[in-house]
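Please have the sequence and model open while reading.

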Amino acid sequence: MQLHAKVIDPVKHRTDCLLVGCYQDGTLLQDADTVDRAGDGKVRALIKREKFQGKAGQTLLIHDPAGLKAERLLLVGLGKPESDGQVGPDNYRTALTKALAQLGSSACRDVTVAMSEIAVNGRDIEWCARQAAELLGAQLYCYSHTKSQKPETHFTPKSLTFTCLDKRQCASAQRGLEVGSAIAEGQNYARELGNLPGNICTPTYLANEAKRLARNQPKLSVKVLDEKQMKELGMGALLSVSAGSEQPAKLIVMEYKGAAKSQAPIALIGKGITFDTGGISLKPGAGMDEMKFDMCGAASVLGTAKTLLALQPALNVVMVVAASENMPNGRATKPGDVVTSMSGQTIEVLNTDAEGRLVLCDAITYTQQFKPKAMVDIATLTGACVIALGNHATGLYSNRQELADTLLKAGIDANDKAWQMPLWDEYQKQLDSNFADMANIGGREAGSVTAACFLSRYAKDTPWAHLDVAGTAWKSGGAKGATGRPVPLLVQYLLSQS
Ligand code: BES
Ligand code: MN
Ligand code: ZN
């Protein structure tokens, strides 16, 4: 998509759709006021006739607006201005989301967001422009891979223009548009991988996707370890998960090199269980289809890689995906089996459904060789996290408060929030085992915490954070589908480190 940050004359500007704003108190933003005057007060008259109140997200679409070169005028409500006359960030996002959704069924090929003097509380022009590109990008996603009738999408915008007051603002806004569109691209890619069924999106499929991403990309290299190589490295925990599956496990290692070799990388590690039946500790049948989403952590890592390639930041990033199915068969790991991880620590597998931590612990140990300055793992790890935080916040655990704070801030800035959970020593003893160094489950209580405690034993002294995205990576019910979270948080975090 073409992205333009420009100073325009809203009256003379040619566009399929001019998007202008109005507050709940009836005040029109400057560009809206200008187009109203150009059309002899037609906009204000329609506002009155349609009883348009300007509530955040309320829209009024006007075709062939009088006096303008634009084919459509889309007026959107921004809600009540905050005390200092600024728009709240949530109202601004709601307004853009609703306005762009309205265009979803239109034949618009280009959109112009004309709110030049918009001031969003606590945010700059770059952020404002970025939201427009991110939200428009999100509108473009539509799952169709396994539908025989491809949906006819009317809305295929080719360009987005974001208007500015002056040239100086344009540079910041342009950067915002590019970041926003790159995030949307990464997030949509993560959604697509998440939505693909388990019979298509296997560990091998994910490995091939990683290789495809790296094609003709000098800054990205990919290496895929097969089961034989993992066995040689002693990855007994990871291999105990794939033991019952016909699909071979893959360890996907991607290195994005955007900075000098001497710069320690940041590591992202994704849980890539392409289907989680629970194994011998078989899950109940209801809703089991949703366990195809158990690779959404891995999908967010691949999505982030895609965004990095679009933005090319000066940064080194190692991305590791531990990909496996979790299936029951005659060779499958059984409750009570003891396995040896790559770190040398032994694990009593009391429940084969606690498999995510088993693949991640070996991936974390493997990643230590890159001497990362920080490691962040992303995993749909526990149902307990969904009980604790629901679908709004990702669970965040870390052995360094500074890293936790940085990630929490990235989540707020990117509108992809996380909430910190405790990683106190008191919880560690729930993992005691009579037959191994640790058990892979810690009992019913604090299930999300004890899962994080388990991983902390492999991160050791490396600054590390764990994002439990079990509640945020996908939606259930009528809107069932992957969300692409936490790609925005991860990209925000990485950009803040470049
Ligand atoms: N992938 C699941 C976690 C999950 C469950 C995410 C439901 C989202 C919704 C994970 O592998 C799992 O099965 N965890 C178990 C752990 C338990 C056996 C200690 C769980 O949460 O029930
Ligand atoms: Mn499981
Ligand atoms: Zn799982």
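The sections below go from the basis of the values to the sheet, the strands and the helices.

## Basis of the values

This is a predicted model: local features need pLDDT of at least 70, side-chain atom pairs count only at pLDDT 80 or more, and totals for chains, interfaces and linings use all residues. Residues are numbered from 1 along each chain as its sequence is written, chains are lettered from A and ligands numbered from 1 in the order in which they are written, and side-chain values use heavy atoms, with hydrogens and water left out.

Helices (H or I, at least four residues) and strands (E, at least two) are DSSP runs, numbered from the N terminus.

## The eight-stranded sheet

Eight strands make up an open sheet with mixed pairing, in the order β7-β8-β10-β9-β13-β17-β14-β15. Two strands pair if DSSP finds at least two bridges between them. The edges are β7 (220-225) and β15 (418-420); each has a single partner strand, so one side of each is left without a neighbour in the sheet. From one strand to the next the twist averages 20 degrees; such angles run from 0 to 180 degrees between N-to-C directions, and axes are lines fitted to C-alpha atoms, for helices over the stretch in contact.

L396 is opposite Q420 in β15.

## Strand β10 and its partners

Which strands pair with β10, and in what sense? Strand β8 (residues 250-257) runs antiparallel to β10 and is joined to it by eight bridges, with I252 opposite V321 in β10. Strand β9 (residues 266-276) runs parallel to β10, and 10 bridges join the two; here A267 is opposite V318.

In β10 (residues 316-326), 11 of the 11 residues are buried, so this strand is largely enclosed by the rest of the structure. Buried means under 20% relative accessible area, exposed over 50% and partly exposed in between (1.4 Å probe, protein chains only). Burial applies to both faces: N316, V318, V320, A322, S324 and N326 lie on one side, and V317, M319, V321, A323 and E325 on the other.

T274 belongs to strand β9 and counts as buried, at 1% relative accessibility. Leaving aside residues up to four places away in sequence, T274 touches G198, C201, T202, P203, L206, M291, K292, M295, S324 and E325. Contact means heavy atoms within 4.5 Å.

## The β11-β12 hairpin

Strands β11 and β12 form a hairpin with five residues between them, and G344 in the turn has a positive phi of about 95 degrees. Four bridges join β11 (residues 337-340) to β12 in the antiparallel sense, and V338 is opposite E348. β12 also runs parallel to strand β16 (residues 438-439), joined by two bridges. On that side E348 is opposite A439.

In β12 (residues 346-349), T346 and E348 point one way and I347 and V349 the other way, and all are buried.

Buried residues in helix α1 (residues 30-38) are D31, A32, D33, V35 and D36. Their cover includes β2 (17-22), α2 (42-49), β4 (72-77) and β6 (159-163). D40 follows α1 and has a positive phi, near 55 degrees.

D90 lies in helix α3 (residues 89-103). Its relative accessibility is 54%, so D90 counts as exposed. The C-alpha atoms of D90 and A56 are separated by 8.9 Å, and the two residues are 34 residues apart along the chain.

## Helix pairs

Helix α5 (residues 167-195) packs against helix α9 (residues 296-311) at an angle of about 150 degrees, with the axes 8 Å apart. The two are therefore roughly antiparallel. Angles under 35 degrees count as roughly parallel, over 145 as roughly antiparallel, 65 to 115 as roughly perpendicular and the rest as oblique. α5 passes α9 in a right-handed crossing; a crossing is left-handed if the near helix is turned anticlockwise from the far one by less than a right angle, and right-handed if clockwise. The residues of this contact divide into 11 nonpolar, five polar and four charged. Ala, Val, Leu, Ile, Met, Phe, Trp, Tyr, Cys and Pro count as nonpolar, Asp, Glu, Lys and Arg as charged, and the others, Gly among them, as polar.

The axes of α12 (residues 401-413) and α14 (residues 487-496) come within 8 Å and cross at roughly 120 degrees. These helices are therefore oblique to each other. L403, T406, L407, A410, G411 and D413 of α12 meet L489, Q492, Y493 and S496 of α14.
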